[in-house]
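Here are some friendly notes to read alongside the model. Keep the sequence and the 3D view open, and look up each residue as you go.

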Amino acid sequence: MQEQLVFSREEKEKLEQLRLTFGGEGEHTAQQLLDSEQLKALLERLVSEGHFPSVIVAGSQFMKRYGFMTLAPILYAFTMWDKPILAGPDELEIAMNTQAAVMQVTIPNSLKRSEKERADIRAELANKLINENLAPFVETMVKTTKLSAAILWENAAIYLFWVYETLIPSEGNAEQVRRAKEDFHYLLKEFNCTSFTCGANPFMPYYSEKVERDNGPIRFRRTCCLYDQISEGGACCKTCPKAR
């Protein structure tokens, strides 16, 4: 029998900061949001409540939130603690507070620890996280909103880069930073996506060289996430291609 995957109180608190909780009840499963009618109804609800001016803008901003709260906590837990969260679409639930447009992912308390080799676990985790969760979600979002798949994938990619270039190097020890380099390389260079929306790899097209600026090096996006349509004064993100 497989051993239960256990997280300490401190680890759970860290994952909660990254918008992942344990054993909660969500309004939707990730699987339900792969239905275009259910996703459209949720986006229209966010528009009607005044959070976003249109379904297209709501879709792009929703993807940023979804990309963050799946990629960031799940990859952090695996690389930092060697604790893989192997959760498919039916196990990831989305807790919504639409009044504040706040989202969290919840997972069951009873996930099991895999006994496979780390490289095999990493491949299984990436398959569940990307091919079973993110990729079909992007496909559904494209169908529902007519947004460019490139915008949606880059909305997720920015958080992959942040986890491995900023978050883990700033918090991890030497061994954790070493694992981060290996895992980042795998996800950028070795992982193959099965979705028609992303080609061979969903992240590599957006991994460009950083450009030196007064406040330090930044990586400009290839696409605009439409944040300027909800920001004060129509301000763009500092990494927006419009800001170059």
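**Notes on the predicted model**

1. Let's begin with the largest pocket, where helix 5 supplies the largest share of the lining, seven residues. Helix 5 (149-171) and strand 6 (216-218) each give at least two residues to that lining. Helices here are DSSP runs (H or I, at least four residues), strands are DSSP runs too (E, at least two), and both are numbered from the N terminus.

2. A word on the model before going further. It is a predicted model, in which local features need pLDDT of at least 70 and side-chain atom pairs count only at pLDDT 80 or more, while totals for chains, interfaces and linings use all residues. Residues are numbered from 1 along each chain as its sequence is written, and side-chain values use heavy atoms, with hydrogens and water left out.

3. How much space lies in the largest pocket? The volume is about 530 Å³. In the pocket's lining there are 18 residues, and I158, W162, R219, K238 and T239 lie nearest the centre. Sorted by class, the lining has nine nonpolar, two polar and seven charged residues. Ala, Val, Leu, Ile, Met, Phe, Trp, Tyr, Cys and Pro count as nonpolar, Asp, Glu, Lys and Arg as charged, and the others, Gly among them, as polar.

4. How is a pocket found? Rolling a probe the size of a water molecule over the atoms shows where empty space is left. On a 1 Å grid over the protein atoms alone, a pocket is an open set of points where a 1.4 Å probe fits, with protein on both sides within 12 Å along at least five of seven lines; lining residues have an atom within 4 Å of a point. Grid points are joined across faces, edges and corners, and the volume is the space filled by probe spheres set on the points.

5. Now turn to helix 2 (residues 36-48) and helix 3 (residues 55-81), whose axes come within 9 Å and cross at roughly 110 degrees. The two helices are therefore roughly perpendicular to each other. On the helix 2 side the contact is made by L42, L43, E44, L46 and V47, and on the helix 3 side by V55, A58, G59 and F62. This contact has seven nonpolar residues, one polar and one charged. Contact means heavy atoms within 4.5 Å.

6. Which way does helix 3 run relative to helix 4 (residues 118-145)? Their axes are 11 Å apart and the packing angle is about 175 degrees, so helix 3 is roughly antiparallel to helix 4. The contact of helix 3 with helix 4 has 16 nonpolar, six polar and two charged residues. Axes are lines fitted to C-alpha atoms, for helices over the stretch in contact, and angles run from 0 to 180 degrees between N-to-C directions. Angles under 35 degrees count as roughly parallel, over 145 as roughly antiparallel, 65 to 115 as roughly perpendicular and the rest as oblique.

7. L167 belongs to helix 5 and is buried, at 6% relative accessible area. Beyond its neighbours within four places in sequence, L167 touches K14, L18, Y76 and W162. L167 and Y76 are 91 residues apart along the chain, yet their C-alpha atoms are separated by 8.6 Å. S36 sits in helix 2 and is also buried, with a relative accessible area of 16%. Setting aside neighbours within four places in sequence, S36 is in contact with T140, K143 and T144. Buried means under 20% relative accessible area, exposed over 50%, and partly exposed in between (1.4 Å probe, protein chains only).

8. Is E25 buried or exposed? E25, in the loop between strand 1 (20-22) and strand 2 (28-29), is exposed, with a relative accessible area of 75%. Apart from neighbours within four places in sequence, E25 contacts E93 and A95.

9. Finally, look at two backbone angles. K146 is not a glycine, but has a positive phi of about 65 degrees; K146 lies in the loop between helix 4 and helix 5 and is exposed at 68% relative accessibility. L226, likewise not a glycine, has a positive phi of about 75 degrees. L226 falls in the segment after strand 6 and counts as buried, at 15% relative accessibility.
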